[in-house]
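Please read these notes with the structure open beside you.

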Amino acid sequence: MAHWLIAGASRGIGLEMARQLALRGETVTASLRDPSAHDRVAAALAPLAGRGRIVAFDTRDEAALHAAAAQIETPIDVLIANAGAYGPMRQSSTDMDFDGALDLLSTNTLGPLRVVQAFLPFMRRDDNPRIVLMSSRLGSMAVGGTFNVAYRASKAGLNRIAQCLAADLKPDGVTVIALHPGWVRTDMGGAAADLSVEDSAAGVISVCAGLTHADTGRFLDYRGQDLPW
Ligand SMILES: NC(=O)c1ccc[n+]([C@@H]2O[C@H](COP(=O)([O-])OP(=O)(O)OC[C@H]3O[C@@H](n4cnc5c(N)ncnc54)[C@H](OP(=O)(O)O)[C@@H]3O)[C@@H](O)[C@H]2O)c1
């Protein structure tokens with residue numbers, strides 16, 4: 001069984017991935033940032049008994065990330081940088097909440113890279129190590145629409161980071177992809193979204209489980225289909 005790190009597992013797709021992985025008997029390290037989510041995450045990991053671990057960090061906090069990474073005892077096989085936010089209310093190209101947008105870039109664009117840099121030394125290197133950066137098709141340059149500019153820009157930036165990281169880690173045999181989980185009925189996706197959190201999480205897990213180094217540098221959706229950058 002593999003060891004999966006889910007960064008951002010307090011609710012939504014991250015929590016559901018942790019729950020499904022625990023039911024499969026995989027080893028799971030799940031992160032939260034608000035202690036009030038502890039019981040919910042612990043319930044998801046309950047089937048694992050001693051092989052489920054909860055760590056705490058905000059992905060904007062580099063020191064907290066390194067402190068959490070120092071608690072890792074068994075090498076990580078699959079790192080999913082899932083934590084993300086939607087950003088400020090005012091985020092159009094003609095009316096931007098700039099402080100809110102900067103904070104969103106710290107969470108959505110640099111946050112996943114902080115997670116990777118903190119936990120990379122604790123990944124298994126010799127047997128198909130995989131890094132999945134949770135992106136969105138809204139970050140694709142090929143997808144139209146102009147609403148939620150800060151969110152789109154944050155995920156477009158994350159996609160560029162995914163490409164660079166994939167190239168930089170290619171010689172080490174570490175697989176890196178960007179992944180779109182679908183439009184999902186979570187706090188972020190809203191009730192009108194077309195995909196259940198169970199189906200999205202199952203799809204993401206299936207894609208991650210099937211990744212090989214030949215996939216590095218791809219932008220995939222939860223069904224394993226390529227998306228345009
Ligand atoms: N839902 C969709 O339709 C959809 C579509 C495309 C992409 N995505 C992406 O998929 C990922 C998960 O989305 P979701 O729908 O599950 O969202 P969600 O229900 O809003 O959950 C977001 C998760 O990220 C965590 N998080 C946010 N900011 C964080 C930070 N600075 N540090 C640590 N954790 C943080 C949250 O923790 P707290 O509970 O502490 O806030 C929560 O666990 C996100 O990256 C999102 O952009 C979602």
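The points below begin with the model itself and then go through the contacts.

1. This is a predicted model, in which local features need pLDDT of at least 70 and side-chain atom pairs count only at pLDDT 80 or more, while totals for chains, interfaces and linings use all residues. Residues are numbered from 1 along each chain as its sequence is written, and side-chain values use heavy atoms, with hydrogens and water left out.

2. Helix α4 (residues 98-119) and helix α5 (residues 149-169) have axes that come within 9 Å and cross at roughly 20°. Helices here are DSSP runs (H or I, at least four residues), numbered from the N terminus. Axes are lines fitted to C-alpha atoms over the stretch in contact, with angles from 0 to 180 degrees between N-to-C directions. α4 and α5 are therefore roughly parallel (angles under 35 degrees count as such).

3. The contact (heavy atoms within 4.5 Å) includes L104, L105 and N108 of α4 and Y151, S154 and K155 of α5. Its residues divide into 12 nonpolar, 4 polar and 1 charged; Asp, Glu, Lys and Arg count as charged, Ala, Val, Leu, Ile, Met, Phe, Trp, Tyr, Cys and Pro as nonpolar, and the others, Gly among them, as polar.

4. Helix α3 (residues 62-69) also meets α4: their axes come within 9 Å and cross at roughly 35°. Among the residues in contact are E62 and L65 of α3 and R114 and F119 of α4.

Methods
Helix = DSSP H or I, 4+ residues; strand = E, 2+ residues; numbered from the N terminus. Parallel < 35°, antiparallel > 145°, perpendicular 65-115°, else oblique.
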